[in-house]
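This briefing looks at aromatic rings and how they pair. A pair of aromatic rings is described by the distance of the centres and the angle of the planes.

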Amino acid sequence: MGKTGYFSHRSCRQHEMGPGHPECPQRLDAIEDRLLMTGVLDGLERIDAPAAALSDVELAHDRMHVAALRGLTDRLVEEQAAGGPEYTQLDTDTSINAHTFTAALHAAGAAVAATDAVLDGELENAFCAIRPPGHHATRDKAMGFCFFNNVAIAALHALQRRNLKRVAIVDFDVHHGNGTEDILAGDNRVLMVSFFQHPFYPFSGDKEPAANMLNIPVAAYTKGMDIRELVEMLWIPRLEAFKPEMIFVSAGFDAHRDDDMGQLGLTENDYIWLTERIKDIARRFSKGRIVSCLEGGYMMGPLSRSVEAHLRVLADV
């Protein structure tokens with residue numbers, strides 16, 4: 001106990017969606033370079049993420065959604081062999097290459113394996129340095145750079161296979177985690193708390209969410225101190241009343257003031273503060289059990305510094 005796991009897999013770097021796309025393999029390189037340079041990586045338990053079984057993915061997703069992505073991949077590989085395109089476009093900003101399906105299985109597998117390692121007492125907590133991200137993936141649709149919902153899969157694994165009764169999901173990405181909400185709304189075993197810029201992609205989360213969803217839409221240019229006040233006033237009492245047995249984090253760092261994907265005003269110190277508050281709840285109610293999964297964050301400097309800040313708190317380094 002007392003160790004922080006760092007789960008990743010080389011296939012997560014092989015998925016990419018075309019030149020200039022912001023959700024790129026270099027995101028993981030920037031994070032790892034920063035953790036190596038600062039020595040933080042020395043304090044983590046590095047673990048090669050397994051691929052999730054299809055039965056794991058189908059905890060959160062319709063079987064037809066999984067089969068369709070697999071079929072699109074098989075067709076793309078065949079077309080490429082005949083000199084066809086490198087990518088299949090799913091929507092205006094989301095596409096697959098020949099490696100996407102495998103990468104998505106390893107991203108989900110990282111979240112499931114981290115959950116098991118933490119519940120088995122092998123690790124105190126874990127961070128999954130994975131891509132593609134997951135929190136926009138709904139039960140039956142890929143969107144917003146996301147294919148499988150890593151956090152939702154892991155949360156349902158903890159509930160349905162590891163027999164936990166209550167888990168919390170904390171989402172601090174700049175975008176609303178509409179996919180996680182789609183999958184878990186109305187499931188009283190789950191409390192999801194989030195803040196996100198609104199109005200903003202995916203233009204959801206502000207209309208009468210289910211009782212187990214605590215959404216805090218905030219205006220563009222909201223600063224970190226205002227976010228902290230909202231978290232203290234709204235998130236913390238709900239989490240304390242819910243008493244989660246484990247906490248999952250959709251760790252998006254695109255709410256950083258220097259990330260031009262959004263217009264919120266968080267800094268590394270705000271991510272330190274948020275992680276400290278999450279860790280305090282986990283210590284009091286969840287035996288310290290946290291699994292955090294990378295979501296957004298698209299400017300390499302702010303992303304890597306923010307992940308470093310997050311991991312320094314998780315790992316006490």
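This is a predicted model: local features need pLDDT of at least 70, side-chain atom pairs count only at pLDDT 80 or more; totals for chains, interfaces and linings use all residues.

Residues are numbered from 1 along each chain as its sequence is written, and side-chain values use heavy atoms, with hydrogens and water left out.

**Pairs**
- The structure contains seven aromatic pairs (rings of Phe, Tyr and Trp, the last by its six-membered ring, with centres within 6.5 Å; planes under 30 degrees apart are stacked, over 60 edge-to-face, the rest tilted).
- Phe-172 and Tyr-271 make a tilted pair, because their ring centres are 5.6 Å apart and their planes stand at 50°.
- Phe-253 and Tyr-271 make an edge-to-face pair, at 5.0 Å centre to centre and 70° between the planes.
- Phe-172, Phe-253 and Tyr-271 together form one aromatic cluster.

**Places in the chain**
- Phe-172 sits in the loop between strand 6 (167-171) and helix 7 (178-184), and Tyr-271, 99 residues apart from it, in helix 9 (residues 268-285).
- Helices (H or I, at least four residues) and strands (E, at least two) are DSSP runs, numbered from the N terminus.
- Phe-253 lies in the loop between strand 9 (246-251) and helix 9, so its pair with Tyr-271 ties together parts 18 residues apart in sequence.

**Burial**
- Phe-172 has a relative accessible area of 0% and is buried (under 20%, with a 1.4 Å probe and protein chains only).
- Tyr-271 is buried at 0% relative accessibility, and Phe-253 is buried at 0%.

Methods:
Buried means under 20% relative accessible area, exposed over 50%, partly exposed in between (1.4 Å probe, protein chains only).
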